[in-house]
Amino acid sequence: MEKEGLPRSSVLNELESRLVEDFTYDSGRIIGSMCTCPHPLASKVYTRFLDRNLGDSGLFPALVKLEKETVHMLGTLLSNPKASGHIVTGGTEANTLALWAAKKLSEKKCCNVVVPASAHYSFDRAADLLGLKIVRVKLNSRFQVDVEAVKKAVNPNTIAIVGVAGTTGLGVVDPIRGLSKIATEENLYLHVDAAFGGFVLPFLKELGFDVPDFDFSLPGVCSITIDPHKMGLAPIPAGGILFRNEKLRKAVAWNVSYLAGGETEQATFVGTRSGASVVAVWALLKHLGKESYRRIVRSCMSLTLKLAGEIRKIDGLDIVAEPTMNIVGIKSGVFDIGRIAEKLRLRKWAVSLFPSHIRIVVMPHVKKQHIEEFLEDLKGIVKEIGG
Ligand SMILES: Cc1ncc(COP(=O)(O)O)c(C=O)c1O
């Protein structure tokens, strides 16, 4: 640290020049991330209410009401206006809270959680933290969890099962109806990770796409992760954890008595927590409404389908599966996919690499022109490698 502080202008100038080498969303080069430029209204209200701390909720009762309204709007989107929950730091925290609730609600001593092979690594971390064992179950030929295999994996020590509505790698939706049936029959907690899909699937359904049920309309679903900082266009951090009812949320609630606002209840992982995130999500849901989200999803999906079609035409490349949402997996039976990813990165494309495919996420900042430029580079690389 400097002995004496630098003038504001030199700090700002240094920041501008130091951070210039980082990727930016508006360049269109970030095509492998689930994050995007926050909506301008969200950025505005976020900075306006930056000081609000929901960890000391007694000081901010109006903000508490705003969070409840936000959760109510998200719950309604997911077929349960009575859902209870919080805006948290992201999908990792939301998934961890769900497993924590499942553990606290269960009377079993030595427990496991059955998850799809495709589940996000946050479940492994959560399990490590909570002393749970993760049992990963194989996928079917459509990259969804194999429901029969889940049934077989459940044993007397199982406390919960997890389904994913929008897998990290391919955006696939697991057969949540089948999982809901197992959860109901076996009296197990079912968590649905719709961190990405939560802001996509309801709108795809309205657009006439064939979207399977995945939300609280299925009786076994106890909680859902839905992240506004992914397809919800909210500034980071904004994840969402929704429980079917208040009793489930209460399982992880803690009473704290020493704070300036008086006694309060904390039911997330952090103490001090961002009220600005809540304000931003509330403002977006109010301002964009279903119609704008639908328009955004329609445009991302239409570009995704075009991209998938063009990839199929490139000799030596193929897509892993027909896109369910705005995620495309690129594979090759001929070339080393890791080498292609490396060459794309050298050409400054921020792609995401999985063991046997490259993941492209067509977020709202990715435009037609970016996809065209990407395809040109991809074809060039294939030619280069193919000789
Ligand atoms: C399905 C799914 N769940 C959870 C997460 C974790 O979200 P976060 O990075 O916001 O913690 C991700 C991240 O990509 C995800 O794809």
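Q: Why is L12 called partly exposed?
A: This is a predicted model, and in it L12 has a relative accessible area of 46%. Buried means under 20% and exposed means over 50%, so L12, at 46%, counts as partly exposed. L12 belongs to helix 1, residues 8-18.

Q: Why does A308 count as buried?
A: The relative accessibility of A308 is 1%. The cut-off for buried is under 20%, so A308 counts as buried. A308 is part of helix 10, residues 275-312.

Q: Which residues are in contact with A308, leaving aside its neighbours within four places in sequence?
A: They are I319, P323 and V328. Contact here means heavy atoms within 4.5 Å.

Q: How do you know that strand 2 and strand 3 pair?
A: Pairing requires at least two bridges. Five bridges join strand 2 (residues 112-116) to strand 3, and the two run parallel. In this pairing N112 stands opposite K133 of strand 3.

Q: What makes strand 1 and strand 3 edge strands?
A: The open sheet has seven strands in the order 1-7-6-5-4-2-3, with mixed pairing. Strand 1 (84-88) and strand 3 (133-137) each have a single partner strand, so one side of each is left without a neighbour in the sheet. From one strand to the next, the twist averages 20°.

Notes: Residues are numbered from 1 along each chain as its sequence is written. This is a predicted model: local features need pLDDT of at least 70, side-chain atom pairs count only at pLDDT 80 or more; totals for chains, interfaces and linings use all residues. Side-chain values use heavy atoms; hydrogens and water are left out. Helices (H or I, at least four residues) and strands (E, at least two) are DSSP runs, numbered from the N terminus. Axes are lines fitted to C-alpha atoms, for helices over the stretch in contact, and angles run from 0 to 180 degrees between N-to-C directions. Buried means under 20% relative accessible area, exposed over 50%, partly exposed in between (1.4 Å probe, protein chains only).
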